[in-house]
Amino acid sequence: MGPMRLRIFTEPQQGADYSTVLRVAKAAEDLGFDAFFRSDHYLKMGNVSGLPGPTDAWTTLAGLARETSRVRLGTLVSAATFRLPGPLAITVAQVDQMSGGRVELGIGTGWYGAEHAAYGIPFPPLSERFDRYEEQLEVITGLWDIPEGASFSFKGTYYTVIDSPALPKPVQRPRPPVIIGGTGARRTPRLAAKFADEYNVPFAGVDDTAAAFGRVRQACAAAGRHETSMIYSAAQVVCCGRSQTELDRRAAAIGRKPDELVASGLAGTPDEVVKKIGTFAELGAEHVYLQVLDLQDIDHLELIAAEVLPGV
């Protein structure tokens, strides 16, 4: 298959407090996974209680930075609508320092209107969200990239920065990796080619993932950037069981049907999951984010670490 790193990806807004997230992050580290990522959402989705309520992504990652030592940490993805770009650059740089240089910033436009309404966050139309998103990327990467001792300024339609000292600097230089995701055909590939260290395709089939990777490779070429300078990745829900009974139980626990998971995610026996991951590796994916939805089922992580991880 070539090099492949498996990363655990969680959705705490569905119902998990910090102690639960910490337990899963420590398990991911102890079991040998490359990274622990979490969503950045403030409202549950679907038919779950969402109790005890949302946890803030970057507050969580700051805590995990001090309570883990090896595993990489990040968001898939933070919404540009949630935070101003300057303070977000400070936050991520500080968490990078707290972790000893293990942080990655996944960032997107924001898409879930209901959570914005629920917590009083402005939610402009998509075209404006993309415009704001691009300016945020300019500011965040500009603040990180400019040398220490120099100042950074930027004038956009939505954000203006004047003579910023561009501090603090992250540990990782020139900056923590920036992840841009999505399957948009026009603006997303261009922004990925300009700003991203990694391009992620979430919850898409093999053919759609291949097409999205192709568009970003073309955008890199158009920008004068070699396509191999980009890391390509996929995010897929995972549901693994040694037997059909075990698979059925895990699927039921997350409110999904086994056949649907087999068709659209990484589901089945360990060998079947390894084989499906291999199809993404053949497309050039170097990272696969395993979306783990039942955060109480540490046995699931142990099974994947024992019987899937060695196969990739």
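Let's start at Ala 166, which counts as buried because its relative accessible area is 4%, and buried here means under 20% relative accessible area, with exposed over 50% and partly exposed in between, using a 1.4 Å probe and protein chains only. Ala 166 sits in the loop between β7 and β8; helices (H or I, at least four residues) and strands (E, at least two) are DSSP runs, numbered from the N terminus. Its backbone has a positive phi of about 55°, although Ala 166 is not a glycine.

Quick word on what you're looking at: this is a predicted model, where local features need pLDDT of at least 70, side-chain atom pairs count only at pLDDT 80 or more, and totals for chains, interfaces and linings use all residues. Residues are numbered from 1 along each chain as its sequence is written, and side-chain values use heavy atoms, with hydrogens and water left out.

Another residue with a positive phi of about 55° that is not a glycine is Phe 203. You'll find Phe 203 in the loop between β9 and α7 (206-222). Is Phe 203 buried or partly exposed? It is partly exposed, because its relative accessible area is 43%.

While we're on the backbone, look at the cis peptide bonds. One runs from Arg 173 to Pro 174, with omega near 10°, and Pro 174 belongs to the loop between β7 and β8. Another goes from Leu 76 to Val 77, with omega near -10°, and Val 77 is in the loop between β3 and β4.

Rolling a probe the size of a water molecule over the atoms shows where empty space is left. A pocket, on a 1 Å grid over the protein atoms alone, is an open set of points where a 1.4 Å probe fits, with protein on both sides within 12 Å along at least five of seven lines, and lining residues have an atom within 4 Å of a point. The largest pocket has a volume of about 560 Å³, where volume is the space filled by probe spheres set on the points, with grid points joined across faces, edges and corners. Its lining has 27 residues, and Val 77, Trp 111, Gly 181, Gly 182 and Pro 202 lie nearest the centre. Which element gives the largest share of that lining? That is α5, with four residues.

The second largest pocket comes in at about 490 Å³. It is lined by 21 residues, and the closest to its centre are Gln 14, Val 48, Ala 253, Ile 254 and Leu 293.

Now over to the strands. Strand β1 (residues 5-10) runs parallel to β2, joined by four bridges; two strands pair if DSSP finds at least two bridges between them. On the other pairing of β2, four bridges join it to strand β3 (residues 72-75), again parallel.

Inside β1 sits Ile 8. With 0% relative accessibility, Ile 8 counts as buried. Leaving out residues up to four places away in sequence, Ile 8 touches several residues, among them Ala 35, Phe 36, Phe 37 and Leu 301, contact meaning heavy atoms within 4.5 Å.

Strand β6 pairs with β7 (residues 160-164) in the antiparallel sense over three bridges. Phe 152 has Ser 164 in β7 as its bridge partner, and the hairpin joining β6 to β7 goes through four residues.
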